[in-house]
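Q: I have the sequence and the model open here. Can you walk me through it?

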Amino acid sequence: MSEAVLVAALRTPIGTAFKGSLRETTAYALADCVVAAVADGLDPELVDDVILAESHYGGGVIARHAALTAGLPRVPGLALNRHCAAGLAAVQTAAGSVRAGMDRLVLAGGVNSASTAPKLSFLDSERWVPPSHPDRPDAPNLDMSITVGWNTAVQEGLTRAEMDAWALRSHRNAVRALDEGRFKDETVPVDTPDGPFEADEHPRRDTSAEKLAALKPLHPEIEGFSITAGNACGANDAAAVVAVAEERLARERLGLSVLARVRSWASVALNPAETGLTPVQAIPKALQRAGMTVSDVDLFEINEAFASVPLAAIRRLGLDRDTVNVNGSGCSLGHPVAATGARMVVTLVHELRRRGGGVGVASMCAGGGMGSALVLEVPAP
């Protein structure tokens with residue numbers, strides 16, 4: 001079986017949806033930008049496919065659009081959707097094809113423009129309704145603050161103070177990463193009507209424990225409800241892509257350095273009301289497939305769809321908090337849904353390289369009770 005390795009890993013900066021720097025930038029433009037950057041220097045004749053997640057779009061294949069724009073006219077495209085875990089699924093799909101010997105070089109990731117996507121509306125004659133599961137009282141299909149955030153907090157016994165503290169940590173980690181230039185090697189600027197957009201804009205430098213504590217719960221009518229805009233993810237725009245190659249091709253024909261090896265992955269499902277607990281199932285399953293345990297992992301990226309999600313995983317899996325989301329996550333950087341999984345892989349690869357190599361796990365929950373995890377290993381430079 002061929003080894004699947006990452007030879008490039010880039011993303012756009014993350015914009016705040018509707019009012020941020022990417023508010024007028026379409027998903028197509030975001031995908032075009034980062035696919036072209038990843039494809040730069042690669043032989044177009046050797047690229048077999050482009051796989052992009054696109055959670056909020058109907059019809060069309062953004063990956064094919066990006067392939068053509070990047071000068072890859074003979075490369076097809078695949079649109080892929082596993083809701084929040086779609087970008088991670090794209091990387092897994094590419095790695096699986098390479099390991100099976102069906103493809104040798106695939107560009108994979110995700111793109112999300114909440115700002116320009118069709119909007120959810122019950123007033124129009126034609127409405128855009130993207131539920132992830134059939135509606136049910138314990139798991140509303142269009143309100144993840146209850147289905148994921150609140151249910152997970154209740155199931156794990158998490159307090160408002162614990163979740164707010166984690167959100168504050170997320171912002172501080174993200175701001176520190178920005179100030180120290182940790183994201184410099186992984187981001188490519190996006191041209192916008194206001195000029196080049198070069199750095200993540202969602203982290204809040206001025207947030208504090210007091211400000212987070214002052215925010216009103218999203219559902220004050222529910223007794224004890226502890227989910228707020230502060231301990232939940234943002235709505236965001238971004239794209240992220242990696243180049244997945246067969247290792248021998250990468251080394252011998254392309255002369256490229258191996259950034260990381262994809263060791264294993266796994267996806268799981270639980271009752272929709274337990275969506276936030278799926279990383280607890282997906283992480284051990286993926287690690288077992290790699291012959292590893294949590295003690296072998298140097299860094300974890302567990303998406304902060306809500307602060308309750310990584311906190312539940314830390315408790316149930318016995319993780320070292322200092323190894324989780326060291327550069328921030330959904331509460332601070334934001335959650336550009338279809339791009340987030342690939343964004344986590346990109347950030348994980350670059351952070352492990354900065355630390356001299358190691359094993360990393362990216363994991364996240366996804367609407368409808370789904371969850372996924374990917375294990376990668378970054379060799380010492």
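Q: What covers the buried residues of H9?
A: The cover includes H4, H5, H8, E10 and E11. Cover here is by contact, meaning heavy atoms within 4.5 Å. Buried means under 20% relative accessible area, exposed means over 50%, and partly exposed is in between (1.4 Å probe, protein chains only). Helices (H or I, at least four residues) and strands (E, at least two) are DSSP runs, numbered from the N terminus.

Q: What should I know about the model before going on?
A: This is a predicted model: local features need pLDDT of at least 70, side-chain atom pairs count only at pLDDT 80 or more, and totals for chains, interfaces and linings use all residues. Residues are numbered from 1 along each chain as its sequence is written, and side-chain values use heavy atoms, with hydrogens and water left out.

Q: Back to H9. How many of its residues are buried?
A: 8 of its 10 residues. Among them are Val-309, Leu-311, Ile-314 and Leu-317. Gly-318 follows the helix with a positive phi, near 70°.

Q: Which residues have the most contacts inside the largest nonpolar core?
A: Ile-283, Phe-300, Ile-302, Val-361 and Val-375, in a core of 41 residues. A nonpolar core is a set of buried Ala, Val, Leu, Ile, Met, Phe, Trp, Tyr and Cys residues joined through side-chain atoms within 4.5 Å. Elements that each supply at least two residues include helix H5 (160-179), helix H9 (308-317) and strand E12 (370-378).

Q: And what is Phe-300 in contact with, beyond its sequence neighbours?
A: Leaving aside neighbours within four places, it contacts Ile-283, Val-294, Leu-319, Thr-323, Val-324, Asn-325 and Val-361.

Q: Asn-325 is on that list. Is it buried or exposed?
A: Asn-325 counts as buried because its relative accessibility is 0%. It sits in the loop between H9 and helix H10 (337-354). Most residues other than glycine have a negative phi.

Q: Which other non-glycine has a positive phi?
A: Phe-18, at about 75°. Phe-18 is in the loop between strand E2 (15-16) and helix H1 (27-39).

Q: New topic. Where is Asn-231?
A: In the loop between helix H6 (209-214) and strand E8 (236-246). Asn-231 is buried, at 0% relative accessible area.

Q: What does its side chain pair with?
A: The side chain of Asp-164, through a polar contact of 3.0 Å. A polar contact is a pair of N or O atoms within 3.5 Å; within protein, one must be able to donate a hydrogen and the other to accept it, and residues adjacent in sequence count only if both atoms are side-chain atoms. A polar atom of the Asn-231 side chain also lies 3.0 Å from the backbone nitrogen of Thr-228.

Q: Now salt bridges. How many are there?
A: The structure holds 20. A salt bridge is a side-chain nitrogen of Lys or Arg within 4 Å of a carboxyl oxygen of Asp or Glu. One of them joins Glu-162 and Arg-315, with the closest N and O atoms 2.7 Å apart.

Q: Which residues are linked in a network of salt bridges?
A: Glu-180, Arg-182, Glu-351, Arg-354 and Arg-355. Arg-355 bridges to Glu-351 at 2.7 Å between the closest N and O atoms.
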